[in-house]
Amino acid sequence: MKYINRTILKKIYKSRPKDSHKYDFGYVLIIGGSQLYSGSPALAAMAAMRAGVDLTLIIAPERAANIIASFSPDLISFPLQGHDLGLSHLQDLILLTKTAQDVSHGKIAIVIGGGLGRDEGTQETVRKYLSKINIPAVIDADAIWAISKKRETLRGKRFILTPHSYEFFVLSGERVSNLSLKGKIGRVQNLAKKLETTILLKGNIDIISNGKEIFLNKTGCPEMSVGGTGDTLAGICGCFLSQGIKPILAVSAATYLNGKAGELAKKDLGTGLLATDVIKYIPRVIKFTQ
């Protein structure tokens, strides 16, 4: 067990070859959004790009996708017909994923869950999709609720789950919010081992385990309770996964980077910081390590 420090980013960020080209540093597919929520997948995509990924594709129901396309010329969105993700979209998801795998030569990761909602059709689509893919994925937010009903899907795959304390309860049936740090560490490690996956329990001190190793992260600040900072974390994590970095290192480095960017944003902006501000400070944290 050890605390993460800035040296972890030196394992991620190294000099890039002069002949680098698109997809060498990853492609992230972000599946999220709904009739009501459009910000979550956009935040994840922008954070992934600021963290260094070459390309992102947001796959979202049409209202969310169309709104996202207007945010920035850096964002690419694919609209799915209808208000919410459903079983009728499963074939599109699989085809888009296969195409992305081919063009990126396997340098790809998925971020799924942000803003999807918990309609049963949406949840079943998430479960079926995750059962059919075998590429690195960050399972966040509403996708955690979906996979909690079919946890065997996680075994043997390069997945990362990013629950807060209540989502951890949904996933495990265990309440951890009132436990000591030692107690929380034990629960996270045990569940990660049982599910054969990597888990990040978000909190004042973030706890990360793959069932064997344990890492703790202290970066961040109370002002990051603002909506969207979990999405930025998921996007950074997806960036690292798409570059072939092992899940335990990817999520540990992403957690440190996201929290440190939040600290810098708080220093300048105080309690008014937003998730979009955290994104702006990501390159500054990276620059400090190079």
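Okay, a definition before we start: a helix crossing is left-handed if the near helix is turned anticlockwise from the far one by less than a right angle, and right-handed if clockwise. With that rule, H8 and H10 cross right-handed; helices here are DSSP runs of H or I, at least four residues, and strands are E runs of at least two, numbered from the N terminus.

Quick caveats. This is a predicted model, where local features need pLDDT of at least 70, side-chain atom pairs count only at pLDDT 80 or more, and totals for chains, interfaces and linings use all residues. Residues are numbered from 1 along each chain as its sequence is written, and side-chain values use heavy atoms, with hydrogens and water left out.

Back to the pair: the axes of H8 and H10 (residues 275–289) come within 8 Å and cross at roughly 35 degrees. Those axes are lines fitted to C-alpha atoms over the stretch in contact, with angles running from 0 to 180 degrees between N-to-C directions. H8 brings Thr229, Thr232 and Ile236, and H10 brings Ala275, Val278, Ile279 and Ile282, contact being heavy atoms within 4.5 Å.

So what else does H8 do? H8 gives the most to the lining of the largest pocket, with 4 residues. A pocket, on a 1 Å grid over the protein atoms alone, is an open set of points with protein on both sides within 12 Å along at least five of seven lines, and lining residues have an atom within 4 Å of a point. Of the 33 lining residues, the closest to the pocket's centre are Lys202, Met224, Ser225, Thr229 and Gly230. Thr229, then, turns up here and in the H10 contact.

Technical notes
On a 1 Å grid over the protein atoms alone, a cavity is a set of points where a 1.4 Å probe fits but cannot get out, and a pocket is an open set with protein on both sides within 12 Å along at least five of seven lines; lining residues have an atom within 4 Å of a point.
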